Amino acid sequence: MKIVICVKQVPEITDVKINPETGTLIREGVASILNPFCEYAIEIGLALRRDYGDIEIVPISMGPPQAKAALMRCLEMGADRAILLSDRKFAGSDTWATARTMAKAIKTMEGDFDLIIVGKQAIDGDTAQVGPELAEFLGIPQIMYGVGVELTHNKKRVRVTREIEIGSEIVEIKPPGLISVSKGPMIRSVSSFQEILDAREKELRVVTASDLNIEEDELGLKGSPTQVVKVFPPQVKKKVELIDGTEPQGAAEKLIGFLRERDFI
Amino acid sequence: MLKIDIDKCTGCKICEKICPFGAIFVGDKVAQVQDNCTLCGACENSCPVGAISIERRQISEKELRLFSGVFIWSECEVKEEKLFPKKLVKELLSQGRKLADKLDQELSVVVLGDRRLAKLETLIAYGADRIIRCKHKLLDRFTTDSFTNVISALISKEKPSVFLFGATPHGRELAPRVAARLHLGLTADCTGLEINDNGELIQTRPAFGGNIMASIVSPYTRPQMATVRPNVFSFGEPDNSRKGEIVDFKVVLSPAAIRTKVVAIERLRDEREVSIEDADIIVSAGRGCESKENLKLIQELADTLGGVMAGSRAIVELDWLPHTKQVGQSGITVGPQLYIAVGISGAIQHLVGMSSAKTIIAINKDPDAPIFKVADLGIVGDALEIIHILIRKLRKQRAREIPLRSQS
């Protein structure tokens with residue numbers, strides 16, 4: 001069985017600052033990490049391999065050459081081999097063009113996959129669109145917001161426990177299919193020295209546009225139906241009224257005053 | 001133009017089953033397409049051997065003008081055995097009305113469901129010119145497969161200029177599938193929507209955890225599609241004198257088109273209970289509440305104020321609350337009139353999910369907690385102790401006020 005896991009390298013958004021003059025992101029000094037939801041996707045894949053055996057885990061990413069670091073992290077966690085789609089021609093891809101390119105790469109190189117697992121969303125763009133778009137391009141069913149995955153019927157069916165607005169449900173598909181995950185088993189945080197050494201021996205293949213039989217006007221910015229026209233800092237909220245609450249009676253009084261002033265009581 | 005590669009086609013009939021228009025059939029062991037094909041693309045991606053392709057090209061200005069009308073998907077929820085539009089549909093109608101007026105075009109609302117669909121006239125009172133009803137027994141519950149098929153077919157036929165979905169879990173799994181199928185630009189989780197002088201939809205959304213805003217257009221593809229964050233756009237009172245029409249869209253769906261099977265459902269929220277997404281007042285608990293036991297106090301405050309209790313990711317992971325009550329990036333985006341954060345430090349992932357609340361009160365013992373950056377009123381102190389006193393005072397006050405009111 002083969003599981004392809006799509007991952008993304010993202011900036012640690014907690015550290016992202018805005019240049020107040022230009023309104024652009026200051027990326028210098030901001031660490032790049034494997035998107036946490038992608039990390040859950042890898043963990044879920046590894047848990048399936050542990051429980052059912054004989055499963056190949058292949059993470060795939062699209063990004064600049066430094067995105068190799070995110071794939072190295074996947075290999076250190078235990079993935080078998082990795083693929084990076086990296087080419088200047090991919091630059092400026094929106095979700096549609098990204099999903100299109102990934103779908104083409106998966107069809108071309110890993111067409112015999114059984115499952116695709118993705119994280120619920122990337123913490124930088126927060127769109128949650130590439131997963132469903134990829135599933136559509138591959139013509140396979142999708143199950144979103146998974147928190148647990150199991151294989152049944154002699155690996156002929158995939159059962160996903162997923163979170164829905166009113167609770168949770170268990171949904172079944174016949175592979176191939178795509179699953180997005182919003183939580184992982186959180187089994188590991190750091191890899192051992194041996195795992196890090198082993199990862200260096202594993203295959204990390206870099207694929208360019210010419211390796212994929214895809215029209216140039218479907219790639220990158222040119223292939224993206226959406227265009228960003230303006231980027232600007234959000235409106236700053238008025239300054240907070242901060243009250244010292246070391247004396248709780250007085251603090252509660254002030255709270256009541258505030259609630260009354262705003263007509264909540 | 002739909003092309004079928006007869007060398008690749010195996011005559012498996014999957015396209016025949018999936019076509020929402022019955023426009024493709026297998027004869028002489030290969031798929032054949034008829035004139036009623038709308039190029040909706042349902043068959044293209046489902047063909048297991050890649051034998052079907054649709055030539056698409058970028059549209060010219062002149063062709064762009066063929067697309068007209070603002071469309072909204074009305075997501076429904078089950079209440080007392082009926083399917084009712086969710087609250088956010090009113091928000092979409094209110095904003096959609098403004099866009100349609102600016103464009104001088106009609107506002108249509110698309111409703112999918114089975115025979116349990118409730119009376120839909122209220123959607124006209126909230127601003128719709130036309131309700132497009134898609135009724136089929138296989139639309140009794142949301143599945144991405146069935147809803148993608150119906151909405152893609154409808155878009156191919158109706159050719160709207162704008163199509164909006166709520167950025168709810170269902171909206172966000174459905175819209176990208178439609179976008180991929182029809183080769184359309186799609187912007188996620190918008191908090192701003194307007195029409196520029198060229199008649200283009202300007203879609204504004206936060207990115208990088210709300211640190212930056214981006215305005216996005218889809219210049220070459222129609223309809224321009226966006227998912228819209230709930231609780232951002234306000235809506236007014238319904239106008240029952242408004243006129244509008246209800247039309248039926250013929251749905252063709254086969255059970256084979258639905259590839260997911262629900263094995264079990266566990267309900268954690270009663271259908272009568274207000275969801276945190278729709279709540280006007282939320283009292284939200286964080287790790288600073290110290291124990292599950294203390295959540296009773298938070299619930300009590302929520303009850304006293306006529307609101308609901310929610311919580312941060314931290315306490316959901318500790319199993320103090322179910323995930324249906326989790327606020328934030330990995331939970332639910334809320335936008336109540338009043339949000340009281342009790343012992344929540346305010347990680348950026350939490351702030352993303354609640355910063356559109358109208359009034360925010362934060363109580364936390366750490367004066368540097370990031371939650372204070374978005375608060376209107378911040379109290380630095382022992383949250384539990386303050387809440388305890390607050391509840392007592394509110395109760396006393398109620399007890400004093402109620403007899404007075406009943407006399408008048």
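What follows is a chat about a predicted model with chains A and B.

Visitor: Let's start with chain B. How many helices and strands does chain B have?
Guide: Chain B comes to 11 helices and 22 strands. As this is a predicted model, take that as a description of the prediction.

Visitor: And what does the C-alpha trace of chain B span along its principal axes?
Guide: About 80 × 45 × 40 Å.

Visitor: What percentage of chain B is buried?
Guide: Of the 408 residues in chain B, 49% are buried. On the contact side, take the pairs in chain B with a separation of 6 or more: 64% of those contacts are between residues 24 or more positions apart.

Visitor: OK, cores. How many residues are in the largest nonpolar core?
Guide: That core has 130 residues. The ones with the most contacts inside it are Ile5(A), Ala41(A), Ile117(A), Leu134(A) and Val110(B).

Visitor: Which element gives the largest share of this core?
Guide: Helix 1 of chain A, residues 36-52, with 8 residues. Over in chain B, domain 1 (2-54) and domain 2 (63-257) each supply at least three residues to this core.

Visitor: You listed Val110(B). Which residues does Val110(B) touch?
Guide: Leaving out residues up to four places away in sequence, Val110(B) touches Phe71(B), Ile72(B), Trp73(B) and Ser74(B), along with Ile132(B), Cys134(B), Ile151(B) and Leu154(B).

Visitor: What does the second, separate core include?
Guide: The second core has 50 residues, among them Ala302(B), Val308(B), Ala314(B) and Leu321(B).

Visitor: Switching to the interface. How many residues of each chain are in contact with the other?
Guide: 67 residues of chain A are in contact with 72 residues of chain B.

Visitor: Which elements of chain A give two or more residues to that side?
Guide: The helices are helix 3 (95-109), helix 4 (130-138) and helix 6 (248-261). The strands are strand 9 (142-152), strand 10 (157-164), strand 11 (167-173), strand 14 (227-232) and strand 15 (241-244).

Visitor: How do the residues on that side divide into nonpolar, polar and charged?
Guide: On the side of chain A that touches chain B there are 38 nonpolar, 15 polar and 14 charged residues.

Visitor: What about strand 11 of chain A: which strand of chain B do bridges join it to?
Guide: Strand 17 of chain B, residues 261-267. The two run antiparallel and are joined by 6 bridges. Gly167(A), for one, stands opposite Arg267(B) in strand 17.

Visitor: Why does His183(B) count as partly exposed?
Guide: Because it has 17 C-beta neighbours inside 10 Å, and a residue needs 20 or more to be buried, or 12 or fewer to be exposed.

Visitor: Where is Asp189(B), and is it buried or exposed?
Guide: Asp189(B) is in strand 11 of chain B. It is buried, because 25 other C-beta atoms lie within 10 Å. Asp189(B) also has a positive phi, about 55°, although it is not a glycine.

How values were computed: Residues are numbered from 1 along each chain as its sequence is written. Chains are lettered from A and ligands numbered from 1 in the order in which they are written. This is a predicted model: local features need pLDDT of at least 70, side-chain atom pairs count only at pLDDT 80 or more; totals for chains, interfaces and linings use all residues. A nonpolar core is a set of buried Ala, Val, Leu, Ile, Met, Phe, Trp, Tyr and Cys residues joined through C-beta atoms within 7 Å. Helices (H or I, at least four residues) and strands (E, at least two) are DSSP runs, numbered from the N terminus. Domain bounds come from an automatic or database domain assignment. Two residues are in contact if their C-beta atoms, placed from the backbone, lie within 7 Å. Ala, Val, Leu, Ile, Met, Phe, Trp, Tyr, Cys and Pro count as nonpolar, Asp, Glu, Lys and Arg as charged, and the others, Gly among them, as polar. Two strands pair if DSSP finds at least two bridges between them.
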